Amino acid sequence: KAGVTQTPRYLIKTRGQQVTLSCSPISGHRSVSWYQQTPGQGLQFLFEYFSETQRNKGNFPGRFSGRQFSNSRSEMNVSTLELGDSALYLCASSSNRELNTEAFFGQGTRLTVV
Amino acid sequence: AQSVAQPEDQVNVAEGNPLTVKCTYSVSGNPYLFWYVQYPNRGLQFLLKYITGDNLVKGSYGFEAEFNKSQTSFHLKKPSALVSDSALYFCAVRDVRYYGQNFVFGPGTRLSVLP
């Protein structure tokens, strides 16, 4: 069974630009969550999608958005990039939304903003 | 509010010795606790979870964790460390303020197993 696939693996963008990251969950998984990982702030929850609907959102500005498609694939978008958006962005998929269910993470997309 | 603390930034242990990576938590309601490991340039890999039941939970790669409700701790353990266990370990708790798949992670503990 294929794992969670994130593309691209690496990105370099300029301040002010926008970026779109992609995540393909494990087959059959309908819940996709996104996290930002930085050395200073650690791992922080961005948002969760289930059945094409955003279910939860973390404490990030509106420049961060996402969506989920009918095949459960998800994208996240960051507009008007800032230097502080440089981070590893991780996607996680789960078979359901239950609190006792583990999530499986992709390898991440490393975004560098210059 | 949900929070997780990992009091040690770094843990060093000799290969073959037992290892412990510490985690304490603060939650409202029942805790749903998880351990993940991250190798360089990789995502997080699930190790084990505590939901209910036995306080000693067994997981992947020979790891286990002990849940202690009175001390609000969930320490990760392994009887005999391998050099390949060297990685970054994260303790996490479900954020029960929001029903669904979002974790609150600890800051991480870097484990170095010395040959």
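Tutor: Let's begin where the chains meet: 23 residues from chain A and 22 residues from chain B take part in the contact, where contact means heavy atoms within 4.5 Å. Keep in mind that this is a predicted model, where local features need pLDDT of at least 70 and side-chain atom pairs count only at pLDDT 80 or more, while totals for chains, interfaces and linings use all residues. Residues are numbered from 1 along each chain as its sequence is written, chains are lettered from A and ligands numbered from 1 in the order in which they are written, and side-chain values use heavy atoms, leaving out hydrogens and water.

Student: Okay, how much area do chain A and chain B bury between them?

Tutor: About 2,100 Å², with 52% of it on carbon and sulfur atoms. Buried area is the accessible area (1.4 Å probe) that two parts lose on being put together, summed over both.

Student: And which residues in chain A lose the most area to chain B?

Tutor: L43(A), L99(A) and F105(A), which together make up 31% of what that side buries.

Student: How many salt bridges does the rule find across the interface of chain A and chain B?

Tutor: The rule finds 1 there, a salt bridge being a side-chain nitrogen of Lys or Arg within 4 Å of a carboxyl oxygen of Asp or Glu. The side chains of K49(B) and E102(A) meet in a salt bridge, at 2.6 Å from N to O.

Student: Which elements of chain A give two or more residues to the side that touches chain B?

Tutor: Those are β4 (31-38), β5 (42-50) and β9 (87-94) of chain A. Strands here are DSSP runs (E, at least two residues), numbered from the N terminus. β4(A) gives the most to that side, with 4 residues.

Student: Switching topic: what's the strand order in the open sheet of 4 strands?

Tutor: In chain A the order is β1-β3-β8-β7, with antiparallel pairing; two strands pair if DSSP finds at least two bridges between them. The edge strands are β1 (5-7) and β7 (64-68) of chain A, each pairing on one side only.

Student: Over how many bridges do β1(A) and β3 of chain A pair?

Tutor: Over 3 bridges, in the antiparallel sense, with β3 covering residues 19-24. Q6(A) has C23(A) in β3(A) as its bridge partner.

Student: Last one: is the peptide bond from T7(A) to P8(A) cis or trans?

Tutor: That bond is cis, with omega near -10 degrees. P8(A) sits in the loop between β1 and β2 (10-13) of chain A. Most peptide bonds are trans.
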